[in-house]
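Here's a walk through a two-chain model, one chain at a time and then the place where the chains touch. Keep the structure open while you read.

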Amino acid sequence: MIGIIDYKAGNLTSVARALHYLGEPCEVTDDPGILDSCDRIIFPGVGAAGEAMINLRSQGLDRWLREWVASGKPTLGICLGTQVIFERSEENDAACLGIVPGSVRRFPGDLKDQEGRFLKIPHMGWNHVDFPRTHPVFKDLPAAAEFYFVHSYYPAPADDSWVIGWTDYGLRFCAAIAHENLVAVQFHPEKSGTPGLQILANFCRWGGQDAQ
Amino acid sequence: MLSKRIIPCLDVRDGKLTKGIKFKGNIDIGDPVEAAREYYEQGADEIVFYDITASSDARNIMLDVVRRVAETIFIPFSVGGGIRSVEDMRAVILAGAEKISVNSEAVKNPALIEEGAKAFGNQCVVLGMDVKKVAIRPEIPSGYEIVIHGGRIYTGRDALQWAKEGESRGAGEICLNSIDADGTQEGYEIELTRLVSSQVRIPVIASGGAGKPEHLLDVLNEGQADAALIASIVHYRTHTIQDLKTYLNGHGVKVRMQW
């Protein structure tokens with residue numbers, strides 16, 4: 001059973017729908033008792049970091065999440081879920097969970113494309129992710145696969161060795177991290193067509209070790 | 001770098017497509033869910049549903065369509081038409097849409113943009129704009145005026161100013177429809193698209209006029225659009241989305257080629 005953490009951050013049902021399509025049993029819940037009984041967790045979310053942290057703290061899920069990740073069980077962060085596992089976010093200048101060393105930064109307002117035109121923010125749409133090494137959750141993806149992003153802030157881990165996927169948008173940013181039993185992506189695998197579903201399916205079969 | 005998006009638009013009334021869509025073997029598809037599946041498989045980057053259901057009693061039919069689409073395709077899609085309140089938005093988002101589009105409703109009640117952005121995030125709110133070219137006059141300095149109700153009512157609002165106002169009120173994206181070009185299949189309104197896209201910092205989807213692959217190339221390059229909305233060009237099987245993307249890719253436009 002896969003637990004999808006419900007912390008009132010946007011529409012969490014799209015992840016559940018994708019898992020349902022893949023035939024994977026899951027439950028969207030904020031009940032730590034139910035979450036404890038799951039064998040893996042997805043931590044999704046859309047919205048602002050500050051509000052997300054307020055909700056997590058008020059539900060006691062901040063401490064629960066730190067303990068869960070430390071327990072070694074497979075964990076997948078998506079979008080805002082990925083951002084709030086860092087130490088801080090520039091969005092609302094929020095102190096976050098501190099599970100991943102580093103911070104979340106806003107795309108600078110003066111990013112330009114090759115023709116010198118300002119890049120639009122949010123970074124919204126399909127972009128390539130470069131995976132420099134293999135990982136069980138990111139295996140069997142077509143080389144030219146693209147993923148759906150929608151965000152104005154990007155993860156900046158303190159240690160590049162945690163980064164498993166890089167994306168270019170005026171600057172090179174971390175689109176995916178992998179460390180021990182934790183993987184986290186800035187893009188939306190549940191909205192990225194077949195390659196995105198492949199990542200979710202891989203995660204559902206992953207034991208939590210960072211090796212093939 | 002980010003790919004330019006190709007977005008088919010489906011008009012729905014009482015839960016059915018308003019025009020049948022011809023697919024393989026000339027099968028007529030009247031079911032919006034099946035049409036969405038076809039376009040998803042052809043490589044659509046996103047899908048726009050426009051609900052033209054007149055009666056509010058039939059809104060639950062559309063919500064059922066949204067739910068079934070969300071179980072079938074795994075790319076973003078938006079729903080517009082008749083969304084008058086945050087509660088209307090919430091119902092559509094909970095049914096599974098990523099984005100909601102407001103058009104005439106936002107002209108009548110601009111605070112709807114802020115309320116939607118505050119409740120669901122800027123990325124959820126698309127400002128749809130129907131625009132007609134008019135003589136330049138003091139209140140319409142760009143020469144493009146916002147019209148509502150399918151172009152029947154002139155609002156006295158300047159299109160460029162309304163786009164900027166929409167952005168500052170929290171819209172995450174603009175869907176810019178030229179009423180003059182709409183349905184002609186003679187090409188997008190390039191000048192209007194470039195004007196708006198170069199002066200706002202949120203993505204702009206160009207809409208109205210696509211009849212040939214060259215039209216998409218022009219609006220994505222010269223028009224500086226971030227995405228192109230298409231309808232008849234794919235509904236009547238003149239082209240598939242894959243054809244259009246292959247053409248654009250061959251002409252140096254970055255589009256998503258693998259799905």
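## Chain A at a glance

Of the 212 residues in chain A, 50% count as buried. Buried here means that 20 or more other C-beta atoms lie within 10 Å of the residue's own; 12 or fewer makes a residue exposed, anything in between makes it partly exposed, and the C-beta atoms are placed from the backbone. Before going further: this is a predicted model, where local features need pLDDT of at least 70 and side-chain atom pairs count only at pLDDT 80 or more, while totals for chains, interfaces and linings use all residues. Residues are numbered from 1 along each chain as its sequence is written, and chains are lettered from A, and ligands numbered from 1, in the order in which they are written.

Chain A has six helices and 13 strands. Looking at contacts in chain A with a separation of 6 or more, 68% are between residues 24 or more positions apart; a contact means two C-beta atoms, placed from the backbone, within 7 Å.

## The sheet in chain A

Which strands make up the open sheet, and in what order? Seven of them, running β2-β1-β3-β4-β13-β12-β11 in chain A, with mixed pairing. At the edges sit β2 (26-29) and β11 (163-168) of chain A, each pairing on one side only. Pairing asks for at least two DSSP bridges between two strands. Ignoring direction, neighbouring strands of the sheet are turned by 20 degrees against each other on average, with axes being lines fitted to C-alpha atoms (for helices, over the stretch in contact) and angles running from 0 to 180 degrees between N-to-C directions.

For one pair in detail, take β4 (residues 75-78) and β13 (residues 182-185) of chain A: they run parallel and are joined by four bridges. Thr75(A) has Leu182(A) as its bridge partner in β13(A).

## Helix α1 of chain A

Helix α1 (residues 13-21) of chain A has Thr13(A), Ser14(A), Val15(A), Ala18(A) and Leu19(A) as its buried residues. Their cover includes β1 (2-5), β2, β3 (40-43), β4 and α6 (193-204) of chain A, along with α2 of chain B. Just past α1(A) comes Gly23(A), with a positive phi of about 75 degrees.

Phe118(A) sits in the loop between β7 (100-106) and β8 (123-128) of chain A. Phe118(A) counts as partly exposed because it has 14 C-beta neighbours inside 10 Å. Setting aside neighbours within four places in sequence, Phe118(A) is in contact with Lys112(A) and Arg201(B). From Phe118(A) to Ser71(A) it's 47 residues in sequence and 44 Å in space, C-alpha to C-alpha.

Now try Gly207(A), in the segment after α6 of chain A. Is Gly207(A) buried or exposed? Exposed, with 12 other C-beta atoms within 10 Å. Gly207(A) and Lys73(A) are 134 residues apart in sequence, yet their C-alpha atoms are 7.8 Å apart in space.

## Chain B and helix α3

Chain B has ten helices and 13 strands. Its radius of gyration is 17 Å, close to the 18 Å from the globule rule for 259 residues, so chain B is as compact as a globular protein of that length. The C-alpha trace of chain B spans about 55 × 45 × 35 Å along its principal axes, and 55% of the 259 residues are buried.

In helix α3 (residues 86-94) of chain B, the buried residues are Asp88(B), Met89(B), Val92(B) and Ile93(B). Seen down the axis of α3(B), they fall within an arc of 130 degrees, so they line one face of the helix; the arc is that of the directions from the helix axis to the C-beta atoms. They pack against α2 (59-72), β6 (77-80), β7 (99-102) and α5 (111-120) of chain B. Gly96(B) follows α3(B) and has a positive phi, near 125 degrees.

## Where the chains meet

At the interface, 28 residues of chain B are in contact with 33 residues of chain A. On the chain B side, α2 and α3 each supply at least two residues. By class, that side has 13 nonpolar, seven polar and eight charged residues. Nonpolar covers Ala, Val, Leu, Ile, Met, Phe, Trp, Tyr, Cys and Pro; charged covers Asp, Glu, Lys and Arg; the others, Gly among them, are polar.

Methods: Rg over C-alpha atoms; globule rule 2.2 N^0.38 Å.
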